[in-house]
Amino acid sequence: MSNQARALDIAAFISEVKRLLSTGKYENEILGLTVGDYYKGPKQDLDPNRPGDIWEFEKDINGTQFYVKVKITKENGYRAFDYDKFCAMVLFFAHKSTELLKTKLMKLLNYSDMIFYKENGISISGARYAHLPYGPVPENFDILLGTMAADHIAHIEVVYDNGYEKHQVIAEEDMPEDVLSKEELAVLNRIYYKFVSFGSADISNYSHKEKGYMETQKGEIISYSYAKYIELN
């Protein structure tokens, strides 16, 4: 069986890659891919835990030949991770809430990305969400929050209330005006008002009932394909 694609299919794939990457900070070489840069593919990823088709391109960059492998996956909602959008989402909920705790923030982010994906076929931030005991959380969330603290965007402040330790999200910047679209902000507002009266334990328990959480194990990535089962009444 031939592993070569038609020019029409190559052009369509490149167009989709550019659409998904165009809002992030990516190398011009990727956004500049053309049908003429096509090398081979698509072919199935050999890793059974990361299904999806891989496309390969070759490109001359300053006299050196590079080979670029590209795969679009549902694990990040068909969008490469966008740090600016992720930070904007955190700031949105931090400013909107009187007292936002880290556990609740993780669930608000998950529902926002999942619902936007369900309705638009693409996530907001491109974050991947992992199954952890208190519900879905962004993959490497501690690193992400640490980076935000180092960038003076937001940080986690530990406070004690009647002997209980709380991890409160503190915004250090205003909500940016040009990072999130009106459609994305509309979904964030819906998620905020849906869970406005929920405490951290309430929203964690609520998230445990989602099909994507119930059908995955601790540490596994929850595919965006489960978003279609989420119903927020």
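Student: How many aromatic pairs does the count come to?
Tutor: The count is 13 aromatic pairs, where rings of Phe, Tyr and Trp (its six-membered ring) pair if their centres lie within 6.5 Å. This is a predicted model, in which local features need pLDDT of at least 70 and side-chain atom pairs count only at pLDDT 80 or more, while totals for chains, interfaces and linings use all residues. Residues are numbered from 1 along each chain as its sequence is written, and side-chain values use heavy atoms, with hydrogens and water left out.

Student: What is the geometry of Tyr111 and Tyr206?
Tutor: Their ring centres are 6.1 Å apart and the planes are at 65 degrees, so the pair is edge-to-face. Planes under 30 degrees apart count as stacked, over 60 as edge-to-face and the rest as tilted.

Student: Which helices do they lie in?
Tutor: Tyr111 is in H4 and Tyr206 in H7 (residues 200-207), so the pair ties together parts 95 residues apart in sequence. Helices here are DSSP runs (H or I, at least four residues), numbered from the N terminus. Ring pairs also link Tyr111, Phe195, Phe198 and Tyr206 into a cluster.

Student: Tyr111, buried or exposed?
Tutor: Tyr111 counts as buried, at 1% relative accessibility. Tyr206 is partly exposed, with a relative accessible area of 22%. Buried means under 20%, exposed over 50%, partly exposed in between (1.4 Å probe, protein chains only).

Student: Moving on, where does Ser112 lie?
Tutor: In helix H4, residues 102-120. Ser112 counts as buried because its relative accessibility is 0%.

Student: What is Ser112 in contact with?
Tutor: Neighbours within four places in sequence aside, Ser112 is in contact with Met89, Phe93, Ile124, Val187, Leu188 and Ile191. Contact means heavy atoms within 4.5 Å.

Student: How do the axes of H4 and H6 cross?
Tutor: They come within 9 Å and cross at roughly 130 degrees. That makes H4 oblique to H6. Axes are lines fitted to C-alpha atoms, for helices over the stretch in contact, with angles from 0 to 180 degrees between N-to-C directions. Under 35 degrees counts as roughly parallel, over 145 as roughly antiparallel, 65 to 115 as roughly perpendicular and the rest as oblique.

Student: And how do the axes of H3 and H6 cross?
Tutor: The axes of H3 (residues 83-96) and H6 (residues 182-194) come within 11 Å and cross at roughly 40 degrees. H3 and H6 are therefore oblique too.

Terms used: Helices (H or I, at least four residues) and strands (E, at least two) are DSSP runs, numbered from the N terminus.
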